[in-house]
Amino acid sequence: MAAGEAARADFARHWQAEFPGEPAPRMELGSVRAMERELERCRRHLRRLQRALAEERFKVGYLEAALARAPAP
């Protein structure tokens with residue numbers, strides 16, 4: 001088994017342990033450079049998701065407070 005295949009199998013095994021029943025995402029793991037690129041891509045995606053989550057939390061908090069202050073219908 002090639003190094004990339006072994007890395008993908010190892011990743012899939014760990015993914016299944018963390019997310020049973022969910023297919024592992026496809027990632028390029030055939031070399032150190034490929035893994036570094038995947039890591040940077042994942043970090044960028046995580047930053048975007050964290051920003052989106054922060055925005056949604058702000059909206060929820062704002063709306064809950066506004067509704068708490070609103071007169072009953």
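Buried means under 20% relative accessible area, exposed means over 50%, and partly exposed lies in between. The model I am reading is predicted.

**Entry: how many?**
I looked up the salt bridges. The structure holds 7 of them. I followed up on some, including E38 with R41.

**Entry: E38 and R41**
I checked the gap first. The closest N and O atoms of E38 and R41 are 2.9 Å apart. Both residues lie in helix α2, which covers residues 32–69. They sit 3 residues apart, about one turn of the helix. Then I looked up accessibility. R41 has a relative accessible area of 36%, so I noted R41 as partly exposed. E38 has 12% relative accessibility, so E38 counts as buried.

**Entry: E40 and R43**
I moved to E40, which forms a salt bridge with R43. Their closest N and O atoms are 3.1 Å apart. E40 is at 36% relative accessibility and counts as partly exposed. R43 is at 41% and also counts as partly exposed.

**Entry: K59 and E56**
Next I looked up K59. Its salt bridge partner is E56, and the closest N and O atoms are 2.6 Å apart. K59 and E56 are 3 residues apart in helix α2, so about one helical turn separates them. K59 has a relative accessible area of 41%, which makes K59 partly exposed. I wrote down 41% for E56 too, so E56 counts as partly exposed.

Conventions
Residues numbered from 1 in each chain as written. Predicted model: local features only at pLDDT ≥ 70, side-chain atom pairs only at ≥ 80, totals over all residues. Heavy atoms only, no water. Salt bridge = Lys/Arg side-chain N within 4 Å of Asp/Glu carboxyl O. Helix = DSSP H or I, 4+ residues; strand = E, 2+ residues; numbered from the N terminus. Buried < 20%, exposed > 50% of the residue type's maximum accessible area, 1.4 Å probe, protein only.
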